[in-house]
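Me: I would like to learn how to read the features of a protein model, one kind at a time. Could you show me the structure and then take me through it?

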Amino acid sequence: EPAVDLVQEAVSLIVKTNPGMRMHLIFLFIGLISMLGCSERPVNHSDLFWADKPVIAERRVVDGDTVIVCDVGKIMDKVVLPFEVIATDYQMIPLENTVKAFLGRSMTPTIVTDNYLGFYCFNFMPFKLFKRTGEFVCDAGRIGQGPGEYFSLVDAQIDEANQRIYLLPLLISKIYVYDFQGNFLSDIPLAYSPSGWRFRIYPDREEVIVATPVYERTPSLVWTQDFQGNVLKEIRADDFPPCRTLSSNTVINNYHQGLFDLFIFSPLESSTAYLYHYDNKANRMVPQFRMENYGKSIFIYELPSCYIVESVHSTEPSNLMDLEGEKIIVDKKTLKGCYITGVRMPFGVVFGQYNLFTQMSNSYFAVNEFSGHILDLMELSDMRDLSPSEKAELDKVMKIINSTDDEISIIFTGRLRNRPAW
């Protein structure tokens with residue numbers, strides 16, 4: 001332990017005198033500690049990363065609730081975020097390279113469970129279920145207008161314990177239920193008409209929590225119902241400003257905390273909008289976080305250990321992969337933060353794509369990328385001076401990519417730090 005402390009003190013001193021060396025020294029520190037042997041205590045990558053960052057937020061009491069408020073004017077640094085700061089148990093999973101297993105696009109919403117992976121898209125791709133080994137299992141439903149068919153999906157959930165897949169199609173007032181062979185079993189009628197919803201199924205008590213953007217005639221922002229469509233409790237929409245355009249129908253709930261966290265994007269109001277927790281027992285919206293002095297339309301994502309704020313861009317399929325939204329990270333514990341250009345993966349590549357954190361849920365970091373785009377990112381990332389462990393991981397990635405001339409999907413995943421037990 002003294003050796004670890006000595007190296008950390010030395011790094012901190014150099015960083016204070018030469019800030020430009022910060023990121024190089026962070027990765028050097030990680031490599032030095034690895035060489036000190038298994039007898040030393042494990043490195044706390046998160047504490048090291050936050051050590052020299054400024055405090056950019058404060059806790060305020062708003063109507064009896066404690067809220068973290070981030071002042072963008074206090075942010076001074078822009079750095080690359082090491083994967084190890086927010087996640088552990090890194091895993092690379094190449095997906096089965098067959099026609100039936102092909103994902104129509106990369107950066108699709110990705111659901112990770114203990115033994116399965118699920119992927120869905122907002123247009124013309126059926127939900128695809130894989131094992132964590134990358135082996136394709138089935139499509140749940142298919143594109144069409146018949147029973148259990150759909151054209152686009154807005155949300156999904158995998159219930160591994162009961163071998164069920166739940167899908168919410170766009171503009172359909174039902175949640176479709178499938179087994180793990182992809183067979184359509186039944187549907188759950190929803191109490192209100194759809195418009196960009198998020199949902200969470202609780203099979204043990206046969207209840208559903210649903211959230212929707214607020215429009216002029218939207219009756220409820222959030223409601224709890226049973227499987228027959230009967231409303232058990234609800235948060236009426238009257239106290240929330242309505243979205244002004246159809247492009248505002250984005251409700252973010254990544255379920256990283258084992259609870260229903262909620263951020264509603266509206267282009268004109270999102271710069272000061274709150275991220276909420278829905279307290280189902282008390283049936284109330286509890287504010288948790290917001291920005292101050294930013295003046296940009298934003299998305300807010302809640303991870304177990306931090307908040308991620310991303311500026312919003314107008315997108316289309318042709319430019320989505322090339323956009324890099326401005327991102328801010330705020331640590332919940334220390335209230336320190338900075339701008340981040342992206343997440344540096346264990347094989348040296350930086351993932352900084354727009355909507356990077358939208359794709360993740362269930363307390364897992366997860367990115368689905370095509371092999372060709374990974375090679376493009378290598379050209380954009382600083383691949384010099386890789387550590388021995390990064391070189392080893394890069395060799396594994398290149399071995400997968402070079403094993404075929406075809407474009408293949410590779411999943412990069414890990415458990416988010418401070419993941420709750422649920």
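Reply: What follows is a short tour of salt bridges, surface patches, backbone angles and contacts across the chain. This is a predicted model, in which local features need pLDDT of at least 70 and side-chain atom pairs count only at pLDDT 80 or more, while totals for chains, interfaces and linings use all residues. Residues are numbered from 1 along each chain as its sequence is written, and side-chain values use heavy atoms, with hydrogens and water left out.

Me: How many salt bridges are there by the rule used here?

Reply: The general idea is that a salt bridge is a side-chain nitrogen of Lys or Arg within 4 Å of a carboxyl oxygen of Asp or Glu. By this rule the model has 19 salt bridges. In one of them Asp139 pairs with Lys128, and their closest N and O atoms are 2.9 Å apart. Asp139 belongs to strand 8 (residues 136–140) and Lys128 to strand 7, so this pair ties together parts that are eleven residues apart in sequence. Helices (H or I, at least four residues) and strands (E, at least two) are DSSP runs, numbered from the N terminus.

Me: Where in the chain do Lys332 and Glu302 lie?

Reply: These residues form a salt bridge, since the closest N and O atoms of Lys332 and Glu302 are 2.8 Å apart. The pair links distant parts of the chain, for Lys332 is in the loop between strand 25 (327–331) and strand 26 (337–344), while Glu302 is in strand 23 (residues 298–302), 30 residues away. Lys332 is buried, at 15% relative accessible area, and Glu302 also counts as buried, at 1%. Elsewhere, salt bridges that share partners join Glu58, Arg60, Arg290 and Glu292 into one network.

Me: Which residues make up the patch of negative charge on the surface?

Reply: Patches are made of residues with over 30% relative accessible area and no salt bridge, where like charges are joined within 9 Å and nonpolar side chains (Val, Leu, Ile, Met, Phe, Trp, Tyr) within 5 Å. The negative patch gathers Asp376, Glu379, Asp405, Asp406 and Glu407. Among them, Asp376 lies in helix 5 (residues 371–380) and is partly exposed, with a relative accessible area of 41%. A nonpolar patch of about 300 Å² is formed by Phe124, Ile143 and Phe151. Of these, Phe124 sits in the loop between strand 6 (116–119) and strand 7 (127–131), and its relative accessibility of 59% is why Phe124 counts as exposed.

Me: What is the phi of Leu335, and what is that of Asp385?

Reply: In general, most residues other than glycine have a negative phi. Leu335 is not a glycine, and yet its phi is positive, at about 65°. Leu335 is found in the loop between strand 25 and strand 26, and at 8% relative accessible area Leu335 is buried. Asp385 likewise has a positive phi, of about 55°, without being a glycine. Asp385 is placed in the loop between helix 5 and helix 6, and at 69% relative accessibility Asp385 counts as exposed.

Key:
Areas by Shrake-Rupley, 256 points an atom, 1.4 Å probe, with all protein chains shown as cover. Buried < 20%, exposed > 50% of the residue type's maximum accessible area, 1.4 Å probe, protein only. Lys, Arg positive; Asp, Glu negative; His and termini not counted. Charge placed at Lys NZ, Arg CZ, Asp CG, Glu CD.
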